[in-house]
Amino acid sequence: MSLSCDACALSGICLPSNLSVAEITVLEANIHTGVKINKGDAIYTAGERFTGLYAVKSGSFKSVIATSQGDEQIVGFHMPGELLGFDGFDSSHANTTVALETAMVCKVPEDSLEFLCNNVKGVSTHVHKMVASDVRAHNSALLLIAQKTAEERIVCFLKNVSDRFKKRGFSGSDFSLSMPRGDIANFLGMAPETVSRLFARLEDEEIVRFNRREVHIINEAEMSNRACGHGNALANKAQANRAQANKALAANA
């Protein structure tokens, strides 16, 4: 069943704000809504000609590229409200983007995109903002892998997913990871065993609780602290307390 743009809960994210009823009508006339993508299917593949942008309505996706050795490298995950396809703006797609679960998207065909940018106020500016956001996300991913420790990568990844859920009006402390741990490991540049070990450590330290793919963030303050690169604040505090206790013990000896 198709859902009109003005009734969609994600319209504030993937569409310009303050559109009139007439402008929304024009928008809907130029968008293919309710396109179903089955789990494991590619919405487009590397080398395929650009035919338009896709707004994720439900479900999630991963974007992958093939390395020179023929391996798969995940370069991004995409959630509801985000636009897909910017990698093909020049002519053809650089990535292959695959559904992690059964998903629904709205497609803005290439010719319709040009028409909307020229005839509906705010569309062109909004698309440019989304392109800039896509570039920032790509740069952040590169920085995450290049300059962060393994634990910092995991914490930053979880916080990023949490923040994106919050932006969409969902809980940022209780959510489900649609991607398997192997995909998370691939994206973060580490072994799946390392991801599992670090998840277990975060549970032991009562920062996060996991139940298969369900995530419950227990200590959001500590999560934010570690994501900002301040290290293990709880461990540092415990170490300082031990040092203070040992000093007091030595003074009373």
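What percentage of the 253 residues of the protein count as buried? The figure is 42%, where buried means under 20% relative accessible area, exposed means over 50%, and partly exposed lies in between (1.4 Å probe, protein chains only).

A word on the ground rules. This is a predicted model, in which local features need pLDDT of at least 70 and side-chain atom pairs count only at pLDDT 80 or more, while totals for chains, interfaces and linings use all residues. Residues are numbered from 1 along each chain as its sequence is written, and side-chain values use heavy atoms, with hydrogens and water left out.

**Overall build**

The protein has nine helices and eleven strands; these are DSSP runs numbered from the N terminus, with helices being H or I of at least four residues and strands E of at least two. Among contacts (heavy atoms within 4.5 Å) between residues at least 6 apart in sequence, 70% join residues at least 24 apart. The exposed surface comes to about 13600 Å², with carbon and sulfur atoms supplying 52% of it; accessible areas come from the Shrake-Rupley method with a 1.4 Å probe, and for residues only the protein chains shown count as cover.

**Two nonpolar cores**

A nonpolar core is a set of buried Ala, Val, Leu, Ile, Met, Phe, Trp, Tyr and Cys residues joined through side-chain atoms within 4.5 Å. The largest one has 32 residues, and those touching the most other members are Ile 154, Phe 157, Leu 158, Leu 177, Ile 184 and Val 208. At least two residues each come from β5 (72-78), α5 (150-167), α6 (181-188), α7 (192-204), β10 (208-211), β11 (214-217) and α8 (220-227). Helix α5 gives the most, with seven residues.

Take Ile 184 as a place to look: not counting residues up to four places away in sequence, Ile 184 touches Phe 77, Phe 157, Leu 177, Met 179, Val 195 and Phe 199. Apart from this core lies another, of 20 residues, including Leu 116, Val 120, Val 127 and Met 130.

**Single residues worth a visit**

His 93 sits in the loop between β6 (83-84) and β7 (96-99). The His 93 side chain makes a polar contact with the side chain of Asp 87 (3.4 Å); such a contact is a pair of N or O atoms within 3.5 Å, where within protein one must be able to donate a hydrogen and the other to accept it, and residues adjacent in sequence count only if both atoms are side-chain atoms. Leaving aside neighbours within four places in sequence, the contacts of His 93 include Tyr 44, Arg 49, Phe 50 and Gly 88.

Most residues other than glycine have a negative phi. Glu 206, between α7 and β10, has a positive phi near 55°, and Arg 212, between β10 and β11, has a positive phi of about 60°.

Relative accessible areas for several residues follow.

| Residue | Relative accessible area | Class |
|---|---|---|
| His 93 | 4% | buried |
| Cys 106 | 11% | buried |
| Cys 117 | 24% | partly exposed |
| Glu 206 | 56% | exposed |
| Arg 212 | 76% | exposed |

As for cysteine pairing, the structure holds zero disulfides, a disulfide being a pair of cysteine sulfur atoms within 2.5 Å.
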